[in-house]
Amino acid sequence: MALFDSDFLKKLEYLSIVSRRVFRGSLLAQRRTLQFGSGIEFADHREYTAGDDLRYLDWNVYARHGDLLLKRFQEEEDLHVYFLLDCSRSMGFGNPPKFDLARQVTAALAYIALADLDRIAVIAFADRVLADFQLTRGKARILPLLNFLENLEPQGVDTNLTASIQQFVRRRQRTGLSIVVSDLFDPAGYQRGLDQLRHRRYEPHMIQLHDPQEARPAVLGDVELYDIENDASRKVTVTEKSLRAYRRLFDDYQQSVATYCRTYSLGCTQATTEIAFDELILRMMRTAGAVT
Amino acid sequence: MSLAFPLALLWAGLTVPIVIFYILKIRLRRVPVSTTIFWQQIFDEKRPRSLWQILRHLLSLLMQIAWLLLLVFALTEPFFTWEILQARRVILVVDNSASMRAIDVSPTRLEAAKKIGQQLIAGLRFRDEMAIVAAGVQPQVVCGLTGHERTLQTALAGIDPTDGPTRVTAAIDLGKRLLTDAKHGRVVVLSDACFPGSDKLTEDKLVELRTIGTRAANVGITNFQVRRSLLDPIGYEILTEVTNASDRPAECRLDIDLNDAPVDVIPLSLTPGQTWSKAIEKTSASGGRLIAKLSQIALAAAGEEESKTADGKRSTAAAPDALAADNIAIALLPKRTEQRIVLTEGNLFLRKVLEVNPLVKLEVVTKPPEQYEAGVLYVFHKQVPQAMPLGNSLVVDPAGGTDLWKLGEILENPIVTKQDSDSPLLRHVRLDNVLLPEAKQLTPTDGATSLVTSLSGDPLYFSVERPGQKVLVLTVNLDQGDLTFRTAFPIMTTNALAWFAGQAGELRESLAAGAVSEIPISASDTLVCRSPAGKTHPLPTGQAKVAIGPFDECGLWQVSKEVTDATPQRKAQNGTPPRGAGASVPTTLDEPIIEFACNLASKTESDLRIPAALQSAGPQTAMVAGWLVRPIWFYLVAAAWLLAAMEWVLYQRRWIS
C-alpha cells in the first residue's frame with residue numbers, strides 16, 4: 001500500500017478545511033511582519049520628507065489641517081514553515097515504522113500550510129542534512145512534496161540534531177516556524193539543536209514520535225541488543241529489574257522533552273505510532289484549543 | 001564403596017560438551033532496538049562482565065557439572081559392602097484369627113497389628129527383605145521375600161480378618177523355613193498371644209513377639225449344636241455352651257430362635273471363667289435355622305480397669321464384651337416331612353403304631369391297591385402283590401411270594417441269632433430276647449440285605465434297595481408273640497419310616513471356624529460355595545467328593561448349583577438378538593443343595609485375655625533403620641535435584657534479578 005494514496009489525499013483536504021478555523025492565529029498563525037510596505041492595511045502616519053512617494057500622501061488630512069502626512073501601510077508577508085524531518089535509521093523502527101507516520105504528519109501539515117498560501121520547506125536530516133525540499137508555496141506543490149517524501153528512506157549513522165540544525169540555520173533564509181518531526185534519540189542530546197533554533201529566532205515546534213515497543217520492550221533474558229542506527233550490538237542479560245529501569249528512563253526522557261518545550265513555550269506533541277496521522281493532527285488542534 | 005555398574009561412569013563424558021557449550025555460548029537471540037541510549041545507562045551503571053557476573057556464571061557451570069556427575073554416580077548404583085553383609089531378613093507373622101477382631105484396641109487388634117507392621121516395613125533398609133505370613137485358619141504367605149515397600153504395604157493391608165483359629169505356631173515354622181540360613185533373620189509375630197504355648201515364644205531367639213491387646217473381658221457361645229431326637233419324630237435337642245472368659249462375674253441373656261420364632265430365653269449368671277452348658281429338648285416338625293444370641297451382657301464392675309494398648313497409651317476398657325463374633329451361633333435343624341402311608345388292614349398294633357406318629361398321614365385299605373402312586377409308602381400286611389411296586393414298601397408277614405422273594409415253609413419259634421446293629425433300621429432295637437412263635441421262611445432275590453437272621457439262617461427282617469425302590473420285609477407273624485408289646489416295635493417302625501424318608505442325618509453338625517467338610521457331588525454338577533458374606537467360590541468338578549473349607553467366616557455357608565440363565569437365548573429365539581455374539585451367558589445360583597452352619601465355637605479364641613507375662617512382650621518400637629534407609633543412588637538423585645533447584649534459582653535471578 002502506497003504511503004500517500006487517494007484516501008490520504010482526501011484526509012488532507014479535510015484537515016485543510018478544518019485547519020482554516022483552527023491554526024490560523026495559533027499554530028501557523030497568519031504572521032504580520034514589522035515592515036511597512038505596500039500592504040493594504042493602514043498602519044499610521046508620518047511626516048513627509050523629500051523623496052517620499054507622493055501617492056501615499058494623505059490628501060484628506062492635508063485638506064483639513066494643511067499637514068503633509070504620509071500614510072503608512074503594514075506589509076503582509078507569507079509565513080515560512082520549515083519541516084525538519086528525522087530520517088535516521090531509528091525512525092525505521094516499529095511496525096508500522098515511525099518514519100511512515102512522520103512523513104504523513106509532515107505532508108499533512110505542509111498541505112495545510114500550502115493551502116494557506118504559506119511557504120514550506122522540508123529538510124531531511126540524520127547525522128547531517130541529507131535532503132532538501134526547497135522553499136515553495138502554492139497548493140500545486142503538494143504533489144512534488146509527496147513525491148519527495150515518498151522517496152525518502154531511513155539512513156545515516158547516528159542522529160545528530162545539533163549538527164543538522166546548525167547546518168540548517170547557517171543558510172541565508174528567513175526565519176519562521178520550524179517543525180521538528182523526530183524521535184529525538186540523539187546520543188548527544190536534543191537540547192543543543194533546539195536551542196540553536198530558538199536563538200536564531202525560529203519558532204520550534206516538536207513532534208516526537210515513538211513506537212510502543214520502545215516504551216515497553218518485551219525483552220527478557222540473555223539477548224544481543226542490536227542498535228539499528230549504528231549497527232552496534234551488545235550482549236546483555238535483561239532482567240525484570242533492568243526492564244523496570246528502562247521504562248523509568250524512557251518515561252523520564254519523554255518527560256524531559258515535554259518539560260523543555262514547556263520551559264521555552266514551544267509547541268510539543270508526543271505520540272506513538274499506534275495513532276493515525278489525521279488523529280494526531282486533530283489532537284494537535286485540540287491542544288491548540290480550537291476543537292474539543 | 002563399590003559400584004554395581006561402573007560402566008555408567010562413561011556418561012561423565014557429557015561434561016565435555018557442557019563445558020564447550022558454556023565456553024562457546026549458544027548464539028544469543030538478536031533483538032533490534034531503535035537506540036541503545038537507555039540500555040547503556042542501565043548496563044553501564046552495573047558494569048557488565050563484572051567479577052560477580054563472571055563468578056555467577058562460573059558457579060552456574062560448576063553446578064551443572066556437579067548435577068551431571070551426581071546423576072552419573074547414581075547410575076553406577078554405588079553401595080557399601082556392609083549393606084550386603086548386614087542385610088536383614090524379616091518374616092512378619094500377622095495373626096488374623098478371630099480373637100484379633102476384638103475391639104479392646106481401637107479399631108481392632110488386627111488393625112493395630114497392621115499399623116505396627118506398617119512401621120516395621122517403613123523401617124526396612126535398602127537390601128533388607130521381608131515376607132508376610134498370615135496366621136489365621138491356615139498359615140499363608142501373603143507376600144514373598146521382597147524389599148519393595150509398596151508391595152509389602154499392599155500385602156499387609158490386604159490381610160482380612162477371619163473367624164478362624166490361631167495358627168501362629170505353624171506360621172512361625174513356615175516363617176523359619178523362609179529364613180533359611182539368613183544371618184540377620186528373625187520372625188516378628190504380631191499377635192494377641194491368646195493361644196496355647198504363646199509364652200514359650202519368648203524363649204525362641206529367632207522370634208520376636210509383639211503383643212497387641214489387653215486383658216479384655218468376653219462372654220461367648222463356645223458350643224451350639226442341634227440334633228433330631230432319636231425317639232420323638234418331631235423332637236430335637238439343643239446343646240449350648242456359654243463361657244465367661246473374664247476375671248469378673250458376668251450376666252447375660254441367651255436367646256434361641258428357630259426361623260426367627262423364639263424357642264427359649266435363658267438368663268445366665270456366670271462366675272469368672274465359668275463354662276455353662278445345657279442340653280435343651282424341644283419339638284418342631286419344621287426344620288430351619290436355629291440361632292442363639294447373647295444379649296444384655298453385663299460384667300460386674302471391677303473398679304478402674306486400665307490397660308495398656310499396643311501403641312503404649314493407657315486407656316480404660318470401654319466395652320464389656322470385646323468380641324462380637326462369638327455372641328451369635330447358628331445351627332441347622334433337619335426338617336421332618338409328612339409321610340403318606342397306605343396300610344393294608346390286618347393288624348391293629350401295626351395300624352396304631354403308625355397312627356401315633358405325628359408325621360404320618362395314614363390311609364387304611366382292605367386289599368392292596370391296583371395302582372400305586374409315587375411318593376407313598378405302602379405297608380402290606382399278609383396280602384402282597386405278585387410284583388412289588390416301585391417306590392417304598394413295608395411288608396409284614398407276607399402270605400405269598402413276589403418278584404423279590406420266594407415263600408417257603410413256616411418257621412416255628414425262630415431264634416434270632418444275628419442282628420445288624422450298625423444298620424439305622426435297628427438302632428436302639430434288640431430282638432434276641434423277643435418271643436417270636438412264628439415267622440415265614442422267605443428266600444430273597446439277589447441284592448437283599450439281611451438285618452435279622454434266625455438260627456436256621458433264614459432272614460427274619462431284610463431290606464431290598466434298588467434304584468427307585470426300597471422294600472423292607474419283616475417275616476414275623478405279629479398276631480403271635482410279644483413283639484407288638486415290646487418298645488422295640490414302635491422304635492423299629494420309627495426307624496423304618498426314617499429309612500424310607502431318607503432321614504439319614506439326624507445330626508447336622510455345626511462346624512467350628514477353620515474346619516473342613518467333605519460332601520459327595522455328582523461329577524456333572526458345577527457347584528459353587530457361597531460364604532456368609534456373599535463371596536462365591538467355585539468347587540472342583542469331575543470328582544465324587546469335594547472338600548469345602550476351611551470355613552474362615554462364621555455364619556451360614558451354602559453350596560449351590562450354578563445354572564446358566566437361558567433368558568438371553570429365549571429372547572434370541574423370539575427374534576430379539578442377544579447383545580454381542582460373544583457375550584457371556586449370565587449365570588445364577590440355584591437353591592442351596594446343602595448348608596453348613598459355622599460358629600466360632602472356640603474357647604481359645606473367645607478368651608481374649610493376654611497372658612500377664614506377655615502383656616509387654618517385645619520392643620514396642622519400630623525397627624530402627626538408621627539414616628541409610630534408601631539406596632545411595634536415591635540420595636545422589638535427591639542431591640542432583642537440589643542442585644537443579646539451585647541452578648533454577650540462579651537462572652531466575654538472572655531474569656528477574
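Let's start with chain A, which has nine helices and ten strands; here helices (H or I, at least four residues) and strands (E, at least two) are DSSP runs, numbered from the N terminus. This is a predicted model, in which local features need pLDDT of at least 70 and side-chain atom pairs count only at pLDDT 80 or more, while totals for chains, interfaces and linings use all residues. Residues are numbered from 1 along each chain as its sequence is written, and chains are lettered from A and ligands numbered from 1 in the order in which they are written.

## Chain A

Of the 292 residues of chain A, 35% count as buried. A residue is buried if 20 or more other C-beta atoms lie within 10 Å of its own, exposed if 12 or fewer, and partly exposed in between, with C-beta atoms placed from the backbone. Now take contacts: two residues are in contact if their C-beta atoms, placed from the backbone, lie within 7 Å. Among the contacts in chain A with a separation of 6 or more, 77% are between residues 24 or more positions apart.

Helix α5(A), residues 161-169, has Leu161(A), Ser164(A), Ile165(A) and Phe168(A) as its buried residues. Looking down the axis of α5(A), you find these buried residues within an arc of 90°, so they line one face of the helix. That arc is taken from the directions from the helix axis to the C-beta atoms. As background, an α-helix has 3.6 residues a turn, so residues three or four places apart point the same way. The cover over the buried residues of α5(A) includes β3 (80-86), β4 (119-125), β5 (129-137) and α6 (191-199) of chain A.

## Where the chains meet

How many residues does each chain bring to the contact? Chain B gives 20 residues and chain A gives 30 residues. On the side of chain B that touches chain A, β2 (29-33), α2 (37-46) and α12 (632-656) of chain B each supply at least two residues.

Leu225(A) has Val31(B) as its bridge partner in β2(B). Two strands pair if DSSP finds at least two bridges between them.

## Strands and sheets in chain B

| Strands | Bridges |
|---|---|
| β9(B) (218-228) and β10(B) (235-245) | ten bridges |
| β10(B) and β13(B) (275-283) | nine bridges |
| β11(B) (250-258) and β12(B) | nine bridges |
| β26(B) (459-466) and β27(B) (469-474) | six bridges |

β9(B) and β10(B) form a hairpin with six residues between them, and Asn223(B) has Glu241(B) as its bridge partner in β10(B). Glu237(B), in turn, is partnered by Glu281(B) in β13(B).

One open sheet has four strands in the order β12-β11-β14-β17 (chain B), with antiparallel pairing. At its edges stand β12 (261-270) and β17 (328-333) of chain B, each with a single partner strand, so one side of each has no neighbour in the sheet. From one strand to the next, the twist averages 20°. Axes are lines fitted to C-alpha atoms, for helices over the stretch in contact, and angles run from 0 to 180 degrees between N-to-C directions.

Another open sheet has eight strands, in the order β19-β18-β20-β21-β27-β26-β25-β23 (chain B), with mixed pairing. Here the twist averages 15° from one strand to the next. Helix α8(B) (residues 348-355) packs on this sheet, touching β18 (339-344), β19, β20 (376-381) and β21 (391-396) of chain B. The direction of α8(B) makes about 150° with that of β19(B).

## The nonpolar cores

A nonpolar core is a set of buried Ala, Val, Leu, Ile, Met, Phe, Trp, Tyr and Cys residues joined through C-beta atoms within 7 Å. The largest has 87 residues, and Ile132(B) is one of those with the most contacts inside it. Helix α5(B) (residues 109-122) supplies the largest share of this core, six residues. Apart from that core lies another, of 58 residues, including Val181(A) and Phe277(A).
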